[in-house]
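Please open the model in your viewer and keep the selection tool at hand.

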Amino acid sequence: MRVSLFITCFNDTLFPETGRAVVHLLERLGHTVDFPEEQTCCGQMHYNTGYQREALPLIRRFVQVFGSSEVVVAPSASCAGMVREIYPRAAEWFDDHQLAAEVAALTPRVYELTEFLVHRLGLEDVGAYYPHRVTYHPTCHSLRFLRVGDAPLRLLRAVRGIDFVELPDAEECCGFGGTFAVKNADTSLAMLGDKISSIKDTGAEVCVAGDNSCLMHIGGALHRERAGIRTAHIAEILASTEERSHV
Amino acid sequence: MSVERGFIQRVRPLPTFQSGARQALGNSQLRRNLYKATHTIRAKREQVVGEMPDWQELREAGRAIKERVMRHLDTYLLQLEATVQQAGGHVHWARDAGEANAIVTQIVAEHGAREVIKVKSLTTDEIKLNAALAARGIEVFETDLAELIIQLAHETSSHILVPAIHKNRAEIRELFLNSMPASEIAAGEHQLLSTQVNELSDEPRALTAVARVHLRRKFLSAQVAISGANFAVAETGTLCVVESEGNGRMCLTLPPVLISVVGIEKVIPTWQDLEVFLQLLPRSSTGERMNPYTTLWTGVSQGDGPQEFHLVLLDNGRTQVLADSVGRQALDCIRCSACLNICPVYERVGGHAYHSVYPGPIGAILTPQLLGIGKASSLPYASSLCGACYDVCPVKINIPEVLIYLRGSAVRYKQDHQNLRARVDPENVAMRLMARAFASRERYEQAQRLAQLGQLPFIHHGVINALPGPLAGWTTLRDLQPIPRQTFREWWRSREAQSQTSEETHS
């Protein structure tokens with residue numbers, strides 16, 4: 001399958017290693033990866049912060065850049081959710097019928113990485129090897145917007161050598177919430193504090209999630225506390241093999 | 001897309017959510033009380049909702065009924081007015097809080113009453129009825145146990161359903177000892193002879209016994225009772241109050257005069273519709289299969305219950321909300337409070353941080369619409385958009401969607417009405433610059449390079465641990481890894497170039 005990688009501006013700039021892992025993983029599984037270089041940002045930060053007028057040109061741009069792709073895969077539930085759940089509503093709010101039609105044609109082909117692997121390709125064992133104690137934080141947008149369900153857990157449990165441990169109160173929000181983490185920093189940190197305690201309780205070496213944005217927030221506190229726990233995007237675990245670790 | 005003009009222009013802007021949150025977060029007792037209470041109700045709700053095989057169908061039915069009500073609100077309200085009048089009730093229409101308070105005050109004054117008793121009612125809290133009555137020398141006695149507690153403490157409610165959720169029983173014991181007559185405390189203890197209590201304990205039974213003595217006297221002497229209503233059935237003119245304590249039932253049946261102040265969105269067409277909500281509401285709110293007391297009354301009946309009944313139908317900004325096609329779903333709310341109990345933000349900060357009778361996620365979308373976005377522009381941001389509220393809402397109000405929509409209104413209000421402020425607002429400036437950068441690949445890639453350079457002064461020992469200005473909140477307890485030297489797209493390009501070279505070499 002020819003997969004168009006929607007890297008997201010966040011990963012492109014801040015977490016390029018996640019993008020490299022996705023490319024290696026998909027190529028190892030026999031797919032062709034294509035990276036439309038005209039892509040920039042899906043507009044989520046603007047849209048969710050209330051700058052919807054400013055986000056509209058970015059939405060139009062995304063639909064144009066990925067309009068002809070066979071499938072679009074993003075290593076981010078949040079950004080994939082923006083396209084799939086918010087774009088149709090945005091077209092409606094701005095009363096743009098042409099955009100609505102283009103969005104409707106595109107969204108069924110847009111996937112978050114783990115749902116693409118499990119729900120679209122029917123895979124669980126992607127041939128990964130990662131001999132470490134790992135816990136998984138299900139991000140809110142993967143759980144409650146995209147409804148990826150247990151797809152990430154099935155993938156992680158099939159990783160050879162992994163010591164997978166469930167995260168207590170896993171479905172609680174970590175407190176990131178995009179600009180919420182800055183605009184309501186005090187509340188965000190109170191939520192983060194409880195998430196960090198849960199992560200520490202697992203005794204994991206690595207906390208994994210499908211969104212680097214939440215992981216930047218969680219990892220930022222783990223680093224500040226010198227907790228000795230790393231964060232990694234799930235793609236980096238799934239791309240790791242006996243020959244090469246991506247984490 | 002416009003929620004820009006407030007209905008009640010006189011109201012001053014609310015203090016920001018951030019200021020309220022900061023105060024609450026510093027109170028460790030409050031944090032513990034809230035955690036315990038919200039998690040207990042959450043677990044109960046989850047259990048009783050899980051028992052229902054048709055819960056999703058019930059939610060959809062609830063949503064559909066409310067949508068129909070809102071679409072034909074005028075028709076159902078006129079039907080309700082007619083049926084209440086036919087049943088011997090009086091109907092009053094109040095455009096705003098001032099009108100509603102004037103109507104109620106006049107009815108009470110006409111009966112020469114100096115004291116009224118009240119059923120727990122958010123709507124009367126919204127219009128600050130107690131203060132209006134007090135200003136006319138009429139004393140109000142709250143009869144819901146939690147409402148009584150906060151009235152005695154001179155506080156405001158911090159939860160829709162459990163107004164005193166922020167207080168634990170030790171704090172309530174202190175309050176009773178300090179604010180109730182010694183005779184009532186002693187009489188309450190006397191009722192608990194079996195336990196031989198010599199001084200007031202903080203056992204819920206003992207506290208309830210004291211409150212019971214205090215309230216019984218009022219139930220038997222009051223001439224006028226004031227209530228709200230959970231539902232008003234248009235086809236028969238029947239009002240419905242759902243409660244747990246029975247104190248509401250006392251108010252609704254004992255005094256000769258009953259005044260019910262009801263928001264216009266509470267009307268439902270038929271009894272068949274009531275069936276849906278009486279299943280949805282108790283399971284979502286208290287986590288009970290059925291609530292202990294459901295009181296239904298239709299006008300007046302001779303020799304039974306109140307002999308004079310007044311229904312005050314309140315707008316107070318609701319028709320303005322109704323006019324907004326996205327925001328109007330906030331009117332579907334049946335005040336169950338499931339969204340408060342599940343909300344990770346509410347759980348940490350409690351209700352007072354929202355500075356409104358309607359706290360939590362539903363308050364964050366209702367208050368700015370009732371008051372006008374310029375009066376409460378921080379509230380739509382009081383959410384991480386985690387989506388838990390939408391999942392538990394018994395009438396499927398898409399709260400995250402309305403939050404985002406109202407953030408749009410807040411930004412446009414700032415940009416269009418506060419021109420000077422918007423021009424110097426760092427967020428507004430940054431967002432506009434970034435939107436411009438993201439609109440072209442060249443500018444986007446330039447911005448990536450600028451960010452790599454711009455961060456250099458902030459990197460200390462390989463990590464960013466102090467940011468300036470509005471971003472400082474990030475680094476109070478969180479480090480930031482520096483932006484890597486090579487972006488993903490640069491890696492991709494170098495890889496493409498390499499594979500092209502190797503292909504050329506092979507051919």
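**A guided tour by selection**

Begin in chain B: select E115(B), which stands opposite E139(B) in β3(B). Bear in mind throughout that the model is predicted.

Next, display the whole open sheet, in which six strands of chain B follow the order β1-β10-β7-β4-β2-β3 with parallel pairing. Colour β1 (90-94) and β3 (139-142) of chain B separately: these strands stand at the edges with a single partner strand each, so one side of each has no neighbour in the sheet. Viewed from one strand to the next, the twist averages 25°.

Now turn to the contact between the chains, to which chain A gives 51 residues and chain B gives 50 residues. On the side of chain A that touches chain B, select helix α11 (residues 185-202) of chain A, which gives the most, with six residues. Coloured by class, that side of chain A shows 23 nonpolar, 16 polar and twelve charged residues.

Finally, select domain 1 (2-120) and domain 2 (133-239) of chain A. Their centres, taken over C-alpha atoms, are separated by 22 Å. The contact takes 28 residues from domain 1 of chain A and 22 residues from domain 2 of chain A. On the domain 1 side, highlight α1 (9-14), α2 (16-28), α3 (44-49), α5 (77-93) and α7 (113-120) of chain A, the elements that give two or more residues to it. By class, this side of domain 1 of chain A has 13 nonpolar, ten polar and five charged residues.

Definitions and conventions
Residues are numbered from 1 along each chain as its sequence is written. Chains are lettered from A and ligands numbered from 1 in the order in which they are written. This is a predicted model: local features need pLDDT of at least 70, side-chain atom pairs count only at pLDDT 80 or more; totals for chains, interfaces and linings use all residues. Domain bounds come from an automatic or database domain assignment. Two residues are in contact if their C-beta atoms, placed from the backbone, lie within 7 Å. Helices (H or I, at least four residues) and strands (E, at least two) are DSSP runs, numbered from the N terminus. Ala, Val, Leu, Ile, Met, Phe, Trp, Tyr, Cys and Pro count as nonpolar, Asp, Glu, Lys and Arg as charged, and the others, Gly among them, as polar. Two strands pair if DSSP finds at least two bridges between them. Axes are lines fitted to C-alpha atoms, for helices over the stretch in contact, and angles run from 0 to 180 degrees between N-to-C directions.
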